[in-house]
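Hello,

Here is the structure for you to look through. My notes follow below it.

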Amino acid sequence: MTRELDLVIIGGGPGGYVAAIRASQLGMRTCVVEKDPQFGGTCLHRGCIPTKALLHSAALFEQARDAGRFGVVIEGSVRFDPAKARGYRDQVVQKNARGIDFLLRKNGVETIHGWGRLAGGNRVEVATEDGGAQSSGAQSSGAQGSTVELSPRYVLLATGSAPRDLPGYPADGETILDSDQLLEQDRVPESLVVIGGGAVGVEFASLYASLGTSVALVEMLDRLVPNEDEEVSAELERCFRRRGIAVSTSTRVAAIERQASGLKVTFDAAGERRSLECEVALVAIGRRPNIDDLGLEVAGVEVEEGCVRVSQFQETAASGIYAIGDLVKTPWLAHVASAEGILAVEHMAGVAERPIDYDRVPSCTYCDPEVASVGLTESEARQRGHEVAVGKFPFSALGKSAILGKTEGFVKVVRETRYDQVLGVHIVGAHATDLIAEACVALQVETTTEELVRTIHAHPTLSEAVAEAAQAALGRPLHA
Ligand code: FAD
């Protein structure tokens with residue numbers, strides 16, 4: 001059977017389902033094709049949401065152990081119950097999954113569960129097990145049989161990405177684990193080697209360190225979170241070491257051997273060879289776009305370095321076919337996938353105003369302490385030829401930080417001196433991922449550092465550190 005639609009979206013993650021809602025607002029008859037039983041993608045089921053739920057449980061566990069110093073006495077021991085934490089995490093995920101179903105239904109988006117692939121031109125074929133009927137209650141195409149054919153005006157590819165294996169040592173789900181598999185573990189390991197010091201690696205290292213696991217964190221480059229400002233990386237490494245995480249940078253995995261009681265991981269570090277024994281290893285060396293078996297070639301969609309090549313409005317080399325999110329070569333973040341999805345459908349509808357400015361995309365890492373940034377790092381600003389001044393303010397000098405007992409880290413503001421424009425804000429410390437929102441607005445409206453300083457920040461709040469760092473960037477710090 002062939003159905004006429006304005007838009008078919010393949011993939012119902014934060015890129016695909018958000019694009020579907022926006023397309024429907026724009027009056028497009030839209031259908032989302034999703035291979036999994038639920039919408040939400042990596043972000044909801046294996047990424048952002050479950051990891052942050054577990055990090056919240058782990059933070060509460062640490063706070064409870066530390067509560068005595070705030071005058072809260074817990075009689076008896078504090079215990080972490082992995083099964084209950086998993087139950088809470090699953091509840092959060094399911095609540096969000098129901099929310100997406102509701103939103104798709106409310107916006108009249110059709111849905112089909114099955115494997116979608118391009119079939120030439122703008123045609124899409126969906127291989128389904130049950131003819132495409134789906135359980136969420138969102139409007140189904142109602143087709144019978146195992147293949148549904150759709151013939152929309154536009155197609156949006158939003159199939160996301162999957163964990164990348166360490167060459168020669170594929171994840172086995174038992175001792176060598178990727179992030180999907182580690183999330184499925186029901187027990188807290190005694191010891192863990194995390195391979196990869198990017199956002200996923202440092203979040204899991206932080207999580208398990210909070211739960212009492214002996215954690216070693218190994219990064220091939222010379223610093224953790226290498227996309228962040230260098231001073232932020234250095235502060236995070238210092239904090240991790242203080243928490244007992246064994247951090248090794250400029251270190252490569254040379255071999256992994258399976259042993260009776262786990263693994264022996266051998267590393268090369270500056271010409272020296274070392275080994276570590278551990279119960280399990282997490283491979284967090286990045287992800288690869290899901291481009292296989294999508295019919296890209298038949299439709300004329302071009303791929304470059306494993307990613308779908310797109311224009312600044314997300315259109316692929318094949319007219320009318322767009323791609324977004326983890327499929328394309330922009331930061332692999334849920335909010336980027338959503339923004340690209342909105343841009344793509346607005347372009348189809350002829351209402352897109354301007355491409356995304358990737359310098360204004362916030363980057364957030366939810367380890368302890370948290371890391372968040374937006375805009376240029378100090379070295380990027382200098383490389384781009386700006387006359388740069390920076391200001392830093394430590395949380396240790398802030399009343400609210402002392403109240404919370406979270407005094408690690410700082411805010412760093414990078415400004416250019418000619419027009420006083422704020423170019424970047426970098427935060428490492430408690431609640432950094434919420435604090436960064438103010439900086440995102442500042443960059444979006446191209447504010448000056450002076451305006452940021454003159455914005456009155458409530459006392460006592462952590463946000464005062466942003467204003468203080470801006471003061472410091474102007475050479476007139478008040479409280480430091
Ligand atoms: P996905 O979310 O991967 O969704 C793609 C969807 O397409 C999936 O539902 C998949 O089943 C479906 N699909 C694939 N192929 C087909 C097909 N042929 N037919 C039909 N359906 C198909 N980002 C953040 O911004 N913040 C975070 O805190 C964060 N934490 C993360 C933690 C971890 C452990 C991981 C792994 C990732 C994290 N990310 C985070 C990244 C974020 O999850 C991704 O950037 C985001 O999910 C990408 O969205 P997407 O829509 O492009 O793809």
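How far is an oxygen atom of the ligand from a polar backbone atom of tryptophan 332? The distance is 3.3 Å. That is a polar contact, meaning a pair of N or O atoms within 3.5 Å. A polar backbone atom of leucine 333 lies 3.2 Å from a ligand oxygen atom. For aspartate 326, a polar side-chain atom is 2.8 Å from an oxygen atom of the ligand. Taken alone, the ligand exposes 1000 Å², and the protein buries 95% of that (Shrake-Rupley method, 1.4 Å probe).

First, some ground rules. This is a predicted model: local features need pLDDT of at least 70, side-chain atom pairs count only at pLDDT 80 or more, and totals for chains, interfaces and linings use all residues. Residues are numbered from 1 along each chain as its sequence is written, and side-chain values use heavy atoms, with hydrogens and water left out.

Now the shell. There are 37 residues around the ligand (a heavy atom within 4 Å). Glu34, Thr42, Lys52, Asp326 and Ala334 come nearest. The shell divides into 14 nonpolar, 16 polar (Gly among them) and seven charged residues (Asp, Glu, Lys and Arg). Helix H2 (41-46) gives the most, with four residues. Helices here are DSSP runs of H or I, at least four residues, numbered from the N terminus.

Last, the cysteines. A search of the whole structure finds zero disulfides (cysteine sulfur pairs within 2.5 Å). Cysteine 48 is partly exposed, at 27%.

Best wishes

Key: Buried < 20%, exposed > 50% of the residue type's maximum accessible area, 1.4 Å probe, protein only. Polar contact = N/O pair within 3.5 Å; in protein donor to acceptor, adjacent residues only side chain to side chain. Helix = DSSP H or I, 4+ residues; strand = E, 2+ residues; numbered from the N terminus.
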